[in-house]
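Colleague: I have a model open on my screen and would like to learn how to read it. Could you walk me through its features?

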Amino acid sequence: MALAAQPQMPRVWRAETKPHKFCPGCGHGIILKALGEAIDALNIQERTIFGCDIGCSLLSWDFFNLDTIQTHHGRTTPVLVGMKRVRPELVVVSYMGDGGAYAIGAQHLVSSAVRNDLVTIIVVNNTQYGMTGGQMAPTTLPGQKTETTPYGRDVKLTGRPMLGPELVAAVAPPGAYVARGSIANVVQLKNFIQKGLLNQIEGRGIAFIEALSACPTNWRTNAAETWRFIEKEMAAYFPTGELRTPGEVKNGQVGEGTPDAPEH
Ligand SMILES: Cc1ncc(C[n+]2csc(CCOP(=O)(O)OP(=O)(O)O)c2C)c(N)n1
Ligand code: SF4
Ligand SMILES: [Mg+2]
């Protein structure tokens, strides 16, 4: 009798904490699988520290066979940067939501980008505050209905949605790696995360990857509506692709490479 195919977990995942705690259809698990596969591919499990934030990202506190720390909105990044400065051989991964990264914790992101800190930051963009019930976030799309914008986001009152990778790309010095992927293209997302980890390992500078993600619980969408929202509405406003790729080191200075063109 043929055995049914079993999904393969990355080696770095903790099998005993699965099934995980995210809602059915949530994008967090897909992004954490891409991260797990990238860590497996680089064989850096023994020296990687994982940090998660406040928000649904904290449900990953027992996700990996990695030393893990959980901190408050956006503070995950400076906590991990401190560890990296004391123990430069470590690989530090800062994982958070769009609310943590671009609203209450935004100052930490901007400061790390300006300093070109050796940290790999992954931001999960699900266009709202997932954990607290779906309030408007800096990433909420124009006209999108949330708990705090029941008639749709009015950009005249609240401004236009935040473009996180574009912000980091604008302020980070040469050596930074900046990209935006999506759970709609997991192969590309894993590749961006792996390049982001390598950027840190090779000492070039900050690595920042935003991942377009799904929150069907607060979007109140079925599977088809969830994918349509990510692939059509989110991708139209948030283009995926690489924004900054470091080039070669010459005379002690890192030059700029040639990023993949953004996809619309
Ligand atoms: C100072 C402070 N204000 C508000 C909260 C409540 N709070 C907890 S999680 C959260 C939103 C998190 O949203 P996001 O970072 O986008 O993560 P998601 O849950 O969407 O993955 C908020 C506002 C808090 N913990 N601390
Ligand atoms: S509330 Fe949204 S982001 Fe949080 S676990 Fe559920 S689907 Fe995922
Ligand atoms: Mg969010």
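Modeller: Gladly. Let us begin with pairing: two strands count as paired if DSSP finds at least two bridges between them. Keep in mind throughout that this is a predicted model.

Colleague: With that in hand, in what order do the strands of the open sheet come?

Modeller: In general, the strands of a sheet pair through backbone hydrogen bonds, either parallel or antiparallel. Here seven strands make up an open sheet with the order 2-1-3-4-8-7-9, and the pairing is mixed. Strand 2 (67-70) and strand 9 (241-244) each have a single partner strand, so they stand at the edges with one side lacking a neighbour in the sheet. On average, neighbouring strands of this sheet are turned by 20° against each other, direction ignored.

Colleague: Let me zoom in on one pair. How many bridges join strand 7 to strand 8?

Modeller: Six bridges join them, and strand 7 (residues 177-182) and strand 8 (residues 207-212) run parallel. To find your place on screen, look for serine 182, which stands opposite leucine 212 in strand 8.

Colleague: Now the helices on the sheet. Which strands does helix 2 touch?

Modeller: Helix 2 packs on the sheet and touches strand 1 (48-52), strand 2, strand 3 and strand 4 (120-125). The direction of helix 2 makes about 175° with that of strand 3. Helix 7 (residues 186-201) lies across strand 3, strand 4, strand 7 and strand 8, and runs at about 160° to strand 7.

Colleague: And helix against helix: at what angle do helix 2 and helix 4 pack?

Modeller: Angles under 35 degrees count as roughly parallel, and 65 to 115 as roughly perpendicular. Helix 2 (residues 76-86) and helix 4 (residues 106-115) pack at about 40°, with their axes 8 Å apart. The two helices are therefore oblique to each other. In this contact, Thr77, Pro78 and Val81 of helix 2 meet His108, Leu109 and Ser112 of helix 4. The contact residues divide into three nonpolar, three polar and no charged.

Colleague: On to the ligands. Which residues are the closest to ligand 1?

Modeller: The closest are Gly55, Gly97, Gly99, Tyr129 and Gly130, out of 17 residues that surround ligand 1. Two elements give two or more residues to this shell, strand 3 (91-97) and helix 3 (98-104). Helix 3 gives the most, with four residues. By type, the shell around ligand 1 has eight nonpolar, eight polar and one charged.

Colleague: What surrounds ligand 2?

Modeller: The residues around ligand 2 include Phe22, Cys23, Cys26, His28, Cys56, Met131 and Cys215. Helix 8 (residues 216-219) supplies the largest share of that shell, three residues. The shell around ligand 2 divides into seven nonpolar, five polar and no charged.

Colleague: Last one: which residues does UniProt list for the domain?

Modeller: An unreviewed UniProt entry lists residues 63-210 as "domain: Thiamine pyrophosphate enzyme TPP-binding". In the model, the end C-alpha atoms of residues 63-210 lie 20 Å apart, and the span is 38% helix and 21% strand.

Technical notes
Residues are numbered from 1 along each chain as its sequence is written. Chains are lettered from A and ligands numbered from 1 in the order in which they are written. This is a predicted model: local features need pLDDT of at least 70, side-chain atom pairs count only at pLDDT 80 or more; totals for chains, interfaces and linings use all residues. A residue is near a molecule or strand if its C-beta atom, placed from the backbone, lies within 6 Å of it. Ala, Val, Leu, Ile, Met, Phe, Trp, Tyr, Cys and Pro count as nonpolar, Asp, Glu, Lys and Arg as charged, and the others, Gly among them, as polar. Axes are lines fitted to C-alpha atoms, for helices over the stretch in contact, and angles run from 0 to 180 degrees between N-to-C directions. Angles under 35 degrees count as roughly parallel, over 145 as roughly antiparallel, 65 to 115 as roughly perpendicular and the rest as oblique. Two residues are in contact if their C-beta atoms, placed from the backbone, lie within 7 Å. UniProt positions are given in the numbering used here, feature names are shortened, and annotations may be inferred rather than shown by experiment.
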